[in-house]
Amino acid sequence: MIALFLRDLALAIRAGGGFGLGLAFFLIVVVLVPFGVGPERGILAAIAPGILWVGALLACLLSLDRIFALDFEDGSLDLLATAPIPLEGVVAMKAAAHWVTTGLPLTLAAPVLGLLLHLEPAAYGWLVLSLALGTPALSMIGTFGAALTVGLRRGGLLLSLLVLPLYVPTLIFGAEAVARGAAGQANATPLLMLAGITLATLALLPFAAAAAIRINLR
Amino acid sequence: MSLWEYANPQKFMQTSQAVLPAIWGLTALSMVVGLVWGFFLTPEAENFGSTVKIIYLHVPAAMMAINAWVMMLVASLIWLIRRHHVSALAARAAAPVGLTMTLIALATGAIWGQPMWGTYWAWDPRLTSFLILFLFYLGYIALWEAIENPDAAADLTSVLCIVGSVFAVLSRYAVNFWNQGLHQGATLSLDKQENIANVFWLPLLVCLGAFILLFVALVLERTRTEIRVRRIKALIARERMA
């Protein structure tokens with residue numbers, strides 16, 4: 001399983017595209033927002049937590065269809081499915097590799113982009129913490145969506161339609177945690193809920209995703 | 001005689017054909033009685049004026065929007081566990097009906113919201129969760145349309161329905177946490193204290209029954225269509241083989 005994880009990491013980094021692309025997309029979204037809403041400091045600071053979370057979420061979405069598509073095309077997904085390790089483990093490792101190549105860089109880059117949006121100084125720590133807690137759930141839910149659409153030729157758009165509604169609770173609690181942190185209010189509740197969603201998706205969704213892959217490989 | 005006999009498409013077609021005229025008749029009757037009673041024979045409510053009348057469409061549609069999803073969840077579970085094709089087709093048939101009910105609830109809510117709250121739309125928890133439910137229906141229907149193999153489509157949409165149900169409930173509570181509500185509390189509940197006055201309550205009950213019957217009739221009709229589509233496809237395939 002560790003070998004599989006390292007293989008996916010190496011593929012994501014060396015094959016180009018996926019790794020840097022998500023970050024670049026995140027940057028562009030954040031740069032475009034001030035053009036849309038105007039450069040006033042107050043407005044930007046007020047919407048910064050939400051924009052950063054929505055941007056991270058969309059950047060995460062970009063690379064989802066690559067999780068299984070390439071393996072499905074060249075047949076290695078069949079080999080993985082018949083390998084002696086459980087398919088649930090394969091799915092979890094795929095999600096972990098996706099998180100390391102998108103969620104983690106997004107989390108680390110977010111404070112820099114927060115600077116562009118005049119994020120409140122108090123919120124930087126909460127931003128990193130909430131993204132670190134929340135992005136694994138984004139990767140895991142996305143892996144489930146990718147597993148559902150793996151057999152489809154043009155599944156990309158459908159994948160967004162399936163996955164984005166599932167992202168709603170994560171987004172609400174994530175953005176709320178940062179917004180409350182920025183305003184100096186207590187934000188333990190949203191952070192705990194965020195961590196709860198992440199743990200629950202990590203525990204349960206590998207089974208659903210593995211079931212979907214078995215159906216698609218039938 | 002057990003419920004599972006209706007898993008046989010032939011049996012299902014026969015029985016549904018026999019009962020459908022009665023269900024349609026009851027639907028029409030209760031719909032006319034409920035709506036006429038509600039629209040013309042009830043007084044105008046305090047603070048609401050005549051706008052209260054839209055409740056006879058709004059509340060039943062909203063209730064059926066949620067119940068349709070629950071029915072799809074049950075049908076999906078039956079399909080996954082017992083592999084009855086009629087069940088999977090019934091889930092597929094119910095989705096567009098549920099989508100329409102969600103849309104009716106959102107639209108009547110917007111029309112009612114304009115005079116009452118001064119706005120067509122507010123990011124109120126109930127409104128927002130209905131919008132999210134609408135998106136879930138869209139995704140579910142889109143997944144059915146996208147997959148060619150009918151068994152794989154039934155399996156995958158069932159998995160999506162189960163996961164989606166969990167996330168729909170989660171979203172409901174997340175949204176509650178996120179914003180305070182404008183929407184009034186429950187109009188109908190088992191707790192008598194919360195109920196609206198009897199003059200409004202009785203026609204509303206009739207309308208609820210009418211919408212339940214309408215839903216059953218539409219789902220049966222659509223399931224019959226789906227079964228016929230399957231049969232035609234099988235016939236075409238047999239024709240090609242010969």
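A crossing of two helices is termed left-handed if the near helix is turned anticlockwise from the far one by less than a right angle, and right-handed if clockwise. In this predicted model, local features require pLDDT of at least 70 and side-chain atom pairs count only at pLDDT 80 or more, whereas totals for chains, interfaces and linings use all residues. Residues are numbered from 1 along each chain as its sequence is written, with chains lettered from A and ligands numbered from 1 in the order in which they are written.

By the above criterion, α2(B) passes α5(B) in a left-handed crossing. The axes of α2 (residues 55-82) and α5 (residues 150-178) of chain B, lines fitted to C-alpha atoms over the stretch in contact with angles from 0 to 180 degrees between N-to-C directions, come within 9 Å and cross at roughly 130°. Helix α2(B) is therefore oblique to α5(B) (under 35 degrees is roughly parallel, over 145 roughly antiparallel, 65 to 115 roughly perpendicular and the rest oblique). Residues contributing to the contact (C-beta atoms, placed from the backbone, within 7 Å) include Trp69(B) and Trp79(B) of α2(B), and Cys161(B) and Ile162(B) of α5(B).

Between the chains, 19 residues of chain A are in contact with 21 residues of chain B. On the chain A side, α8(A) gives the most, with 10 residues.

Methods. Two residues are in contact if their C-beta atoms, placed from the backbone, lie within 7 Å. Helices (H or I, at least four residues) and strands (E, at least two) are DSSP runs, numbered from the N terminus.
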